[in-house]
Structure formats: structure tokens, C-alpha cells
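These exercises go through one protein chain, from its overall layout down to single residues. Try each task with the structure in view before reading the solution.

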Amino acid sequence: PDIDTSTCKVNGTHFQTDLKNLDTNLTQTILPQLKAALIVNKHVTGDIVMMNYYDPYQNICPKTVSYVQTLNSHLTNDVSGFGIIVNVFRAFGGSKTPNKNICTYTWMCSLFTDIHPQDKGYSVIAGAFENGTGY
């Protein structure tokens, strides 16, 4: 609800509140609990790997890119000390607009106008995880 895609306006106040809630939820609850769940017999048994976000709206609302970059910066800071982040934003083409990958990696240019990835986009995300983790 922070982005009105019909007008390309971002509710900055609501966005900042949502960021603060995200930071609190990730750093105070979610990530500590995940990290604790990975400890077995005093040994860490796995890794926490998070991804950042691509901006599905950057071609229709280019001003949203800076907000997604801010969100991604918060995600990177939040996961620090708990795990790593993989850069899906860069894998999807980064901040350049128009971003030619949005139409081929997501459903944004289809009849559905859906922000979710197509098969090609999921493959790019998987590649970002592989490259970002070395697994």
C-alpha cells in the first residue's frame, strides 16, 4: 500500500513506518529465532541467506527505484551478523530505467500485470543465490 502505481506516488511516511517495523521484526524476532534454530549441540548447522528485492514497478514508476534501494539497504543491514544477503536487485538489472529485464523476468508486461517472476526470473534468482553463496 506504500506505492500507488496508478499515480506513481509513494507514501513516504507510511514507507518509513513500514521500514521501522521491518527492521524491528527482522532484528528482534525473526533472525534471532532462525539463528537459534540453527544451533544444535552448540554448533551452527546451517546458514541464513536472504535476498533483496528487484523493483517490478521501475519501468512504469521510475521514482520507486530509490525506495527499493532503501528497502534493500535496510535488509542488508538487518541480516548483518545473522547471515548474508544475495543481490537479486542487481541480477534483475539494477536501477537503470527502463529495465529491459522486468518484462522478461516478471509478469509485469503480460496480461496479468503481476509483480512475480516468470520461470526466467526464478532462474535468475536461483543464479543470484548460487553466485552469492558459492553453494
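**Exercise 1. The chain as a whole**

In what order do the elements of the protein chain run from the N terminus on? Then describe the extent and burial of the chain.

Solution. The model is a predicted one.
- Step 1: read from the N terminus, the order is β-β-α-β-β-β-α-β-α-α-β-β-α.
- Step 2: counting by type gives five helices and eight strands.
- Step 3: along the principal axes, the C-alpha atoms fill a box of roughly 50 × 35 × 25 Å.
- Step 4: the chain has 135 residues, and 30% of them count as buried.
- Step 5: take the contacts with a separation of 6 or more; 59% of these join residues 24 or more positions apart.

**Exercise 2. Helix 1**

Where does helix 1 bend, and by about how much?

Solution. 
- Step 1: helix 1 covers residues 12-37, which is 26 residues. From first to last C-alpha it reaches 35 Å, close to the 38 Å expected at 1.5 Å a residue.
- Step 2: the bend is at L26 and comes to about 45°.
- Step 3: the buried residues of helix 1 are F15, L19, D23, L26 and L31. They pack against strand 5 (49-51) and helix 2 (64-79).

**Exercise 3. Helix 2**

Which residues of helix 2 are buried? Find how they are arranged and what covers them.

Solution. 
- Step 1: check the length. Helix 2 has 16 residues, so at 1.5 Å a residue it should span 22 Å; the end C-alpha atoms are 23 Å apart, which agrees.
- Step 2: the buried residues are T64, V65, V68, L71, N72, L75, D78 and V79.
- Step 3: viewed down the helix axis, these residues fall within an arc of 145°, so they line one face of helix 2.
- Step 4: the elements that cover them include helix 1, strand 5, strand 1 (3-4), strand 2 (9-10), strand 6 (84-86) and helix 3 (88-91).
- Step 5: just after helix 2 comes G81, where phi is positive at about 90°.

**Exercise 4. The nonpolar cores**

Which residues make up the largest nonpolar core? Trace them back to their elements.

Solution. 
- Step 1: this core has nine residues: F15, L19, L26, L31, I48, M50, L71, L75 and V79.
- Step 2: helix 1 and helix 2 are the elements that give two or more residues to this core.
- Step 3: helix 1 gives the most, with four residues.
- Step 4: there is also a second, separate core of eight residues, among them Y54, F92, Y105 and A128.

**Exercise 5. Backbone details in loops**

Which peptide bond is cis?

Solution. 
- Step 1: the bond from T97 to P98 is cis, with omega near -5°. P98 is in the loop between helix 3 and helix 4.
- Step 2: N41 is not a glycine, but its phi is positive, at about 50°. N41 is in the loop between strand 3 (39-40) and strand 4 (43-44). With 67% relative accessibility, N41 counts as exposed.
- Step 3: T113, also a residue other than glycine, has a positive phi near 45°. T113 is in the loop between strand 7 (106-107) and strand 8 (114-117). With a relative accessible area of 48%, T113 is partly exposed.

Notes:
Residues numbered from 1 in each chain as written. Predicted model: local features only at pLDDT ≥ 70, side-chain atom pairs only at ≥ 80, totals over all residues. Heavy atoms only, no water. Expected span 1.5 Å × (residues − 1). Bend = angle between axes of the 7 residues up to and from the residue. Buried < 20%, exposed > 50% of the residue type's maximum accessible area, 1.4 Å probe, protein only. Contact = heavy atoms within 4.5 Å. Arc of directions from axis to C-beta. Core = buried A, V, L, I, M, F, W, Y, C linked by side-chain atoms within 4.5 Å.
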